Amino acid sequence: MDQPVAGIAILLWASEPEAPHRLATPFFHAAAAAAMDVPVEIYFTARSVQLLVPGVAEQLRASERFDKTVLDAMREAVSHGARLLACTDALHAHGIDPRRLIPECGGHGGAVQFMARAADLRWRTLVF
């Protein structure tokens, strides 16, 4: 008998503020999975940690034709239960104070935590 999925881990790697057209999709997928009561963890790495700085994601839209900001999409995912996790190494690399992130950020998680999820056959992973 198949075991149920324990959760979905999403790694934001090529999801930087300079490419806002790629930023809404990961959060829509996260919101959909979380709305189905699947635990979701979103790992912010590389330049994506900049989205966790107050004022950044609220200025970005996937398209001029789309009213929601990237922060709106992030909040929707969080409202359904997704957890936003910041890589401390990435924060340090970008000079971001880990104590000054948006309140939606639920903690820290990086390579070790994501790879633990990837190695767990009960978890599914996506990379954006």
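A residue counts as buried at under 20% relative accessible area, as exposed at over 50% and as partly exposed in between (1.4 Å probe, protein chains only). This is a predicted model, in which local features need pLDDT of at least 70, side-chain atom pairs count only at pLDDT 80 or more, and totals for chains, interfaces and linings use all residues. Residues are numbered from 1 along each chain as its sequence is written, and side-chain values use heavy atoms, with hydrogens and water left out.

**Helix α2**

- Helix α2 spans residues 70-79, and its buried residues are V70, L71, A73, M74 and A77.
- These residues cover an arc of only 160 degrees around the axis (taken from the directions from the helix axis to the C-beta atoms), which puts them on the same side of α2.
- The buried residues of α2 pack against α1, β2 and β3 (83-86).
- At the start of α2, a side-chain oxygen of T69 comes to within 3.3 Å of the backbone nitrogen of L71.
- Just after α2, G81 adopts a positive phi of about 120 degrees.

**Aromatic pairs**

- There are three aromatic pairs in the structure; rings of Phe, Tyr and Trp (its six-membered ring) pair if their centres lie within 6.5 Å, and planes under 30 degrees apart count as stacked, over 60 as edge-to-face and the rest as tilted.
- One of them is the stacked pair of F27 and F44, at 6.1 Å centre to centre with 25 degrees between the planes.
- F27 belongs to helix α1 (residues 24-35) and F44 to strand β2 (residues 40-44), so this pair ties together parts that are 17 residues apart in sequence.
- Both F27 and F44 are buried.
- Y43 and F114 form an edge-to-face pair, at 5.6 Å centre to centre with 75 degrees between the planes.
- Y43 lies in strand β2 and F114 in helix α4 (residues 111-119), so the pair ties together parts 71 residues apart in sequence.

Definitions and conventions:
Helices (H or I, at least four residues) and strands (E, at least two) are DSSP runs, numbered from the N terminus. Contact means heavy atoms within 4.5 Å. A polar contact is a pair of N or O atoms within 3.5 Å; within protein, one must be able to donate a hydrogen and the other to accept it, and residues adjacent in sequence count only if both atoms are side-chain atoms.
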